[in-house]
Amino acid sequence: MSGLTAPKGTFDTLPPDSERFLAVRDALTAPLRRAGYRYVETPVFEHTEVFSRGVGESTDVVTKEMYTFEDRGGRSLTLRPELTAGLMRAFIEHRLHTGALPVKLWAVGSAFRYERPQAGRYRHFTQVDMEALGVDDPALDAEVVALGVQGFRDLGLTEFELLLTSLGDATDRRPYREKLVAFLERLDLDEDTRRRAAINPLRVLDDKRPEVQAQLEDAPLVVDHLSDATRAHYDAVRQHLTDLGVTWTEAPRLVRGLDYYTKTTFEFVHRGLGAQSAIGGGGRYDGLSASLGGPDLSGIGYAVGVDRTLLAVRAEGLDLAGSAAVQAFVVHLGEEARRVAVGLVGRLRQAGVAADTVYGGRGLKGAMKAADRSGASHVIVIGERDLAEGVGQLK
Ligand code: HAM
């Protein structure tokens with residue numbers, strides 16, 4: 001290799017694309033800020049247990065995709081494959097549950113999964129994540145889902161769809177699980193799949209192989225085994241969503257890649273993206289806090305993939321106005337004028353005007369080209385003659 005390149009499955013986001021990335025990221029977080037969610041930061045690595053206990057031992061994410069390493073102090077640490085478990089760890093550690101509930105948080109940042117890279121699937125990607133913790137109220141579920149929809153709408157996206165279902169609670173799941181296990185036992189499955197089924201039979205429903213899917217047509221579904229209480233919860237969520245003007249598709253076979261979900265569970269998919277169509281996903285999780293040693297409190301949230309949403313924006317041909325970098329560009333002619341130009345740029349910036357100038361002595365032609373490239377609406381030319389008069393020319 002002649003030079004170093006970015007590691008497999010990672011990429012650089014350079015101008016002008018990086019401006020669009022920021023625009024997408026900010027559009028996805030704006031509805032959260034307007035709805036009382038507060039910004040938090042947690043480390044990009046956590047004790048491995050946060051994810052093995054939080055995300056679940058039966059998931060691909062935990063068994064195959066984590067960047068786990070031992071640090072020099074002999075601790076097992078893992079680069080976060082998602083943000084929820086770390087946020088919950090922080091919520092418990094700082095006893096946020098002792099204050100007013102729900103605690104509404106959002107975060108944005110890097111996540112890492114050792115996946116087979118393809119279009120829209122990377123080993124390093126960025127998520128906007130939000131969580132509403134400590135309250136189990138169907139109206140809150142609807143708020144969360146609607147905020148996700150709002151972010152996509154604000155970007156101008158139309159080709160996305162909300163897939164919605166209820167995965168029931170722990171009580172519904174026990175008898176359902178027995179039914180599903182009995183059903184799966186009658187199927188022709190390989191050893192690996194049987195082992196998965198033993199840890200989390202639901203996961204088998206998500207098997208993408210056609211020979212497995214063909215056998216699953218009559219599989220029992222959770223939605224058909226909800227208790228009266230969870231059914232009423234789900235009905236209320238749907239009623240609130242209707243009131244909020246949100247439409248959805250019932251997705252009784254939706255299986256999420258993480259184990260913590262209960263009750264309301266959803267995914268946002270985009271029609272223009274091919275195989276990696278999920279631009280976001282989330283749901284309620286009753287057991288996550290307790291599994292991390294916290295109080296028995298429920299939460300709900302979602303994460304949106306910023307990179308995939310940017311692909312969706314592109315697929316719909318939307319033009320996100322990349323903010324013009326500067327308003328004023330200062331060009332000087334000759335050494336004398338240069339000092340004035342540098343001083344002027346400094347004063348413009350102090351006054352809050354986005355300003356830039358040329359460096360490296362490129363002559364008038366080069367300078368005008370640079371001014372053009374900068375996208376500035378105003379060019380200020382300072383020539384030798386202007387100096388004596390103390391003026392510049394505005395173009
Ligand atoms: P997730 O469905 O695993 O959920 O990821 C959320 C989103 O992150 C996906 O819909 C996708 O847009 C993006 N994403 C995931 N993996 C990749 C990848 N390898 N490359 C590019 N983008 C990717 C979660 O992570 C949950 N923590 C969401 C949540 C929050 N649930 C409750 N609260």
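**Ligand shell, salt bridges and backbone of a predicted model**

Q: How many charged residues are in the shell around the ligand?
A: There are 27 residues around the ligand, and those that come nearest are Glu82, Thr84, Glu115, Tyr122 and Tyr261. In the classes used here, Ala, Val, Leu, Ile, Met, Phe, Trp, Tyr, Cys and Pro count as nonpolar, Asp, Glu, Lys and Arg as charged, and the others, Gly among them, as polar. Sorted this way, the shell has ten nonpolar residues and nine polar ones, while the number of charged residues is eight.

Q: What percentage of the ligand's accessible area does the protein cover?
A: A polar contact is a pair of N or O atoms within 3.5 Å; within protein, one must be able to donate a hydrogen and the other to accept it, and residues adjacent in sequence count only if both atoms are side-chain atoms. A polar side-chain atom of Glu131 lies 2.9 Å from a nitrogen atom of the ligand, whereas a polar backbone atom of Ala278 is 3.0 Å from an oxygen atom of the ligand, and a backbone N or O atom of Ile279 is 3.2 Å from an oxygen atom of the ligand. Accessible areas come from the Shrake-Rupley method with a 1.4 Å probe, and for residues only the protein chains shown count as cover. On its own the ligand has 660 Å² of accessible area, of which the protein covers 96%.

Q: How far apart in sequence are the parts that Arg196 and Asp60 tie together?
A: A salt bridge is a side-chain nitrogen of Lys or Arg within 4 Å of a carboxyl oxygen of Asp or Glu, and the side chains of Arg196 and Asp60 meet in one at 2.8 Å, N to O. Because Arg196 lies in helix 7 (residues 191-199) and Asp60 in helix 3 (residues 60-64), the pair ties together parts whose separation in sequence is 136 residues.

Q: Is Lys263 buried or exposed?
A: The side chains of Lys263 and Asp136 meet in a salt bridge (2.7 Å, N to O), and since Lys263 lies in strand 9 (residues 262-270) and Asp136 in the loop between strand 6 (124-133) and helix 5 (138-154), the pair ties together parts 127 residues apart in sequence. Buried means under 20% relative accessible area, exposed over 50%, and partly exposed in between (1.4 Å probe, protein chains only). Asp136, at 34%, is therefore partly exposed, whereas Lys263, with a relative accessible area of 9%, is buried.

Q: Which residues do salt bridges that share partners join into one network?
A: The structure holds 26 salt bridges, and one of them is between the side chains of Arg349 and Asp356, at 3.4 Å, N to O. Salt bridges that share partners make one network, and its residues are Asp136, Asp141, Lys263, Arg284 and Asp286.

Q: Which residues make the nonpolar surface patch of about 240 Å²?
A: Patches are made of residues with over 30% relative accessible area and no salt bridge, where like charges are joined within 9 Å and nonpolar side chains (Val, Leu, Ile, Met, Phe, Trp, Tyr) within 5 Å. Phe69 lies in strand 3 (residues 67-70) and is partly exposed, with a relative accessible area of 36%. The patch of about 240 Å² is made by Val44, Phe45 and Phe69.

Q: Where is Pro102 found?
A: The peptide bond from Leu101 to Pro102 is cis, with omega near 0 degrees. A cis peptide bond also joins Pro15 and Pro16, with omega about 5 degrees, and Pro16 lies in the segment before helix 1 (17-34). Pro102, by contrast, is found in the loop between helix 4 (84-93) and strand 5 (103-112).

Note on methods
Residues numbered from 1 in each chain as written. Predicted model: local features only at pLDDT ≥ 70, side-chain atom pairs only at ≥ 80, totals over all residues. Heavy atoms only, no water. Helix = DSSP H or I, 4+ residues; strand = E, 2+ residues; numbered from the N terminus. Near = heavy atom within 4 Å.
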